[in-house]
Structure formats: structure tokens, C-alpha cells
Amino acid sequence: LQSGSSSLLLKLSDSSLKSQSAIVNTLSHPKLTQTPQRIECYDLAHLQGTNYVGAMTVMIMGQLANTEYRKFHISSHSTSDPHAMKEILIRRFQHQDWSYPDLIILDGGVPQLNTVLPAIPNNIPVVALAKKKETLVFYDKNNDLKYLQLNLENPVLNQFITLRNEAHRFGNSFHRKQRSKSMII
């Protein structure tokens, strides 16, 4: 690397480390008491309820970790996004050999959050990221729903959006492959 390139990489990694440490204060999530090292995001892809698949993407210390990504076939015949997402999380936590997340981001809103929460170990903080106005939704210490709208320039929100968009891309890519397989006669 040229010296200009390496200084840019240092600035980017320094920036992602700062946004990592800002997550705790920005969210004020009751279960998030220390800087999350591993953040997992979950998304679904389907075509009018067919060929349902799920995607898990991972950030470790603010960097996408594509070797940790996972794909899921939805085995139930549910055409409900929240129930399909719950199936993914149940299956994810059956893998004791996978590192546990310090924070989970769900693509969706209150329905996904409420349906999925019983499938997640109680000590793991969960936040839903609703595309409408990029609103973060989670339960506060009083068990009330908290809706957090951050400025679109906020580095924490941008980190979550990056991870969510990566889950969307990864899931859609997997879905296209599955759909093309089902079209082969």
C-alpha cells in the first residue's frame, strides 16, 4: 500500500471503532452495556411468499465479516415475514459452534421484533430497523417500545444500515439462485 492508502485505511478503521463505541450511548438499550464486538443482522427474501430464504450478515468490530455470513432455507410453509424470521433465529441458536452476537439487528419493525424475541437468548440485545424513516425499535428498561430516529448522518445508524443493506443484498442473491433452481424442469 502507498502511504496515502494506508492512512485512509487507518482513518476508516478509526472511524468504525469510534462508531462501535458510540453504539451503547446512542441506543441506551437496557441489555447493551458494553461495546458490541459482534453484530448480526437478519433479513428475508421471497417472491410473493414463494422461495422464502433468510440471510444473516455479521460485523465484527465495525467491519463486515463475510466469512461469518449464513443462508437459511425457510422450511415452514409460513408466508409471514415475522414467523419466517423467527424460524431463522431458532435455527441460528441451535448452532452452539457459532459465536454468539453482542447485538442483533432485524430488518423490520414491531411485528418482527415481537415475534422473534422469544427465540433469542434473553441476555442478547435486539433492535429492529424499520426501513420507513430508518427507525430503530426496541424495548426499554420499563419494557416499553422505544422508537429511535437518528439523523441520517449518524455513524451508528449508518453502520446498521450498511449491515442491513448487506443482509438484503446477500439474501436477494441467495433467493435468485433458489428461484432459478426451482424453474429448471
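Three bridges join strand β6 to strand β7 (residues 135–139), and the two run antiparallel. Strands count as paired if DSSP finds at least two bridges between them. This is a predicted model: local features need pLDDT of at least 70, side-chain atom pairs count only at pLDDT 80 or more, and totals for chains, interfaces and linings use all residues. Residues are numbered from 1 along each chain as its sequence is written, and side-chain values use heavy atoms, with hydrogens and water left out.

**The chain overall**

- The chain has four helices and eight strands. Helices (H or I, at least four residues) and strands (E, at least two) are DSSP runs, numbered from the N terminus.
- From the N terminus on, the order of elements is α-β-β-β-β-α-β-α-β-β-β-α.
- Of the 185 residues in the chain, 45% are buried. Buried means under 20% relative accessible area, exposed means over 50%, and partly exposed lies in between (1.4 Å probe, protein chains only).
- Take the contacts in the chain with a separation of 6 or more: residues 24 or more positions apart account for 56% of them. A contact means heavy atoms within 4.5 Å.

**Confidence**

- The mean pLDDT of the chain is 84, and 78% of its residues reach 70 or more. pLDDT is the predictor's confidence in each residue, from 0 to 100.
- Over residues 1–5 the pLDDT is below 50. Beyond near neighbours in sequence, this stretch has two contacts in the model.
- Where pLDDT is low, the predicted coordinates should not be read in detail.

- Strand β6 covers residues 126–130, and five of its five residues are buried.
- In a regular strand the side chains alternate between the two faces of the sheet.
- Both faces of β6 are covered. Val126, Ala128 and Ala130 lie on one side, Val127 and Leu129 on the other.
- β6 pairs with strand β5 (residues 103–107) in the parallel sense, over four bridges.
- From β5 the chain passes through helix α3 (residues 110–116) to β6, and this β-α-β crossover is right-handed. Right-handed means that, with the strands pointing away from the viewer, the path from the first strand over the helix to the second runs clockwise.
- Alanine 128 in β6 stands opposite leucine 106. In β7, its bridge partner is valine 137.
- The hairpin of β6 and β7 has four residues between the strands. There, lysine 133 takes a positive phi near 65 degrees.

- The largest nonpolar core has 25 residues. Such a core is a set of buried Ala, Val, Leu, Ile, Met, Phe, Trp, Tyr and Cys residues joined through side-chain atoms within 4.5 Å.
- Tyr42, Leu89, Ile104, Leu106 and Ile120 have the most contacts inside this core.
- β1 (38–47), β2 (50–60), α2 (81–92), β5, α3 and β6 each supply at least two of its residues. α2 gives the most, with four.
- Leucine 89 is in contact with Tyr42, Ile104, Leu106, Val116, Ala119 and Ile120, leaving aside its neighbours within four places in sequence.
- Apart from this core lies another, of 21 residues, among them Ile23, Leu32, Met59 and Ile161.

**Helix α2**

- The 12 residues of α2 should span 16 Å at 1.5 Å a residue, and its end C-alpha atoms are 16 Å apart, which agrees. The expected span is 1.5 Å times one less than the number of residues.
- Buried residues in α2 are Pro82, Ala84, Met85, Glu87, Ile88, Leu89 and Arg92.
- Lysine 86 is also in α2. It counts as partly exposed because its relative accessibility is 26%.
- Lysine 86 touches Thr115, Val116 and Ala119, not counting residues up to four places away in sequence. Its C-alpha atom is 6.4 Å from that of threonine 115, 29 residues apart along the chain.

**Glutamate 134 and isoleucine 161**

- Glutamate 134 is found in the loop between β6 and β7. Its relative accessibility is 15%, so glutamate 134 counts as buried.
- Not counting residues up to four places away in sequence, glutamate 134 touches Leu129, Leu148, Leu152, Leu157, Ile161 and Arg164.
- Isoleucine 161 sits in helix α4 (residues 155–183). It is buried, with a relative accessible area of 13%.
- Isoleucine 161 and glutamate 134 are 27 residues apart in sequence, and their C-alpha atoms are 8.0 Å apart in space.
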